[in-house]
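Student: I'd like to learn how to read a few features in a fold. Could we go through one together?

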Amino acid sequence: MKIAVVILNWNGILLLEKFLPSVLKCSPEATVYVADNASTDDSISYVKSFFPSVKIVKNDTNLGFADGYNEALKHIDAELYALINSDIEVTENWLQPILKTFENEPSTAIIQPKILDFKNKEYFEYAGAAGGFIDQYGYPYCRGRIFDTLEKDNGQYDDNCEIFWATGACFFIRSAVYRELNGFDDVFFAHQEEIDLCWRAFNKGYKIKYISESVVYHVGGATLQQGNPKKTFLNFRNSLLMLTKNLPKDKLYKILLGRMVLDGIAGIQFLMKGKFNHFVAILKAHFSFYRLFIDHYKKRTKFQEQKYYNTKSIVYIYFIKKIVVFNDLFRTKQI
């Protein structure tokens, strides 16, 4: 199958210097692209000079993660897209098990590999770990990571299984499905756009899978640090937009109200910790959501499933019940 590895870049020359060589060395089956979001550093001239085999697609402005890929992929012809962050180190033969799965399973539309922490390679990485899920209020968590608790990789997730969402840090998708779903929601800009896309794929009957034989290492937070209020704004707003678009109609308003209450509690906690900027970010996220609600409600389709994979409340399970390991959710019947 024809596969394109597409690295979205914005002023990331240092990351390209560090990680692009591993991508080229370990991806002989793929055509490698750098999709540039109007960088002002020397990223493009560097790639042209040192990696002439890499194809370059230029966006006119910084369109963020979501629309940056939407625009770039219009110019890339392939059966499969491998969308990877510029701070990903890939490993030998990382593509083979992914390609094999796509070839043998026509209903599988999206795949992610095992994501380990580049800075601490024995542990799973925050962004995607061993595959993602959401709770009933839309809070994402992963096999190998619940909130800020990261598990050590002891082989406990060395399986291939269906998941609910795949991380945008290393995201494989059939190009036909990407086009069918109209790509990422460009309003999201960045954060949770991949969960929204996976949910829309799930609602149309496609499968999302985790393939453990493919392993990559992710730095994480290389372009927007975890403690940045802008990240707080995007995560809180985009989660509400995602729920609005994808929840079954009979659950929509009840769950939205519950989520808003939980967001209020999170805002109070930020205040108590002296993180006023993050409290303000949550307020701004909610006001932005109110402005966008009608437009995103109209994006709902007839494909909203009455059943979707979720736990009861990962917030309650993690902070009150003190269950911090994914597999313990099953052992204690919390899932």
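Tutor: Let's take strands, salt bridges and a cavity in turn.

Tutor: This is a predicted model, so local features need pLDDT of at least 70, side-chain atom pairs count only at pLDDT 80 or more, and totals for chains, interfaces and linings use all residues. Residues are numbered from 1 along each chain as its sequence is written, and side-chain values use heavy atoms, with hydrogens and water left out.

Student: In which sense do strand β2 and strand β3 pair, and over how many bridges?

Tutor: Helices (H or I, at least four residues) and strands (E, at least two) are DSSP runs numbered from the N terminus, and two strands pair if DSSP finds at least two bridges between them. Here β2 (residues 30-37) and β3 (residues 55-59) are parallel, with five bridges. Tyrosine 33, for instance, has lysine 55 in β3 as its bridge partner.

Student: What unit do β2, helix α2 and β3 make?

Tutor: With α2 (residues 43-50), they form a right-handed β-α-β unit. To judge the hand, point the strands away from you: a crossover is right-handed if the path from the first strand over the helix to the second runs clockwise.

Student: And in which sense do β8 and strand β9 pair?

Tutor: That pairing is antiparallel, with three bridges between β8 and β9 (residues 140-142). Isoleucine 134 sits opposite proline 140 in β9. The hairpin has four residues between its strands, and glycine 138 takes a positive phi near 90° there.

Student: Which way do the residues of strand β8 point, and are they buried or exposed?

Tutor: Buried means under 20% relative accessible area, exposed over 50%, and partly exposed in between (1.4 Å probe, protein chains only). In β8 (residues 132-135), Gly132 and Ile134 point one way, Phe133 and Asp135 the other way, and all are buried.

Student: How many salt bridges does the count come to?

Tutor: The rule asks for a side-chain nitrogen of Lys or Arg within 4 Å of a carboxyl oxygen of Asp or Glu. The count comes to 17. One of them joins glutamate 71 and lysine 74, at 3.1 Å from N to O. Glutamate 71 is partly exposed at 27% relative accessible area, whereas lysine 74 is exposed at 62%.

Student: Which parts of the chain does the pair of lysine 152 and glutamate 122 link?

Tutor: In this salt bridge the closest N and O atoms are 3.5 Å apart. The pair links distant parts of the chain, 30 residues apart: lysine 152 is in the loop between β11 (149-150) and β12 (160-163), and glutamate 122 is in strand β7 (residues 120-124). Lysine 152 is partly exposed at 34%, and glutamate 122 is partly exposed at 46%.

Student: Are aspartate 196 and lysine 245 buried or exposed?

Tutor: Both are buried. Their salt bridge has its closest N and O atoms 2.9 Å apart. It links helix α6 (residues 193-203), which holds aspartate 196, with helix α7 (residues 229-246), which holds lysine 245, 49 residues apart. Shared partners then join Asp185, Asp196, Arg200, Lys245 and Lys299 into one salt-bridge network.

Student: Which residues line the largest cavity?

Tutor: Rolling a probe the size of a water molecule over the atoms shows where empty space is left. On a 1 Å grid over the protein atoms alone, a cavity is a set of points where a 1.4 Å probe fits but cannot get out, and lining residues have an atom within 4 Å of a point. The lining is Ile7, Leu16, Phe19, Leu20, Val23, Ile84, Asn85, Ser86 and Ile88. Helix α1 (residues 13-26) gives the most, with four residues.

Terms used
1 Å grid on protein atoms, 1.4 Å probe; cavity = no way out; pocket = protein on both sides within 12 Å on 5 of 7 lines; lining within 4 Å.
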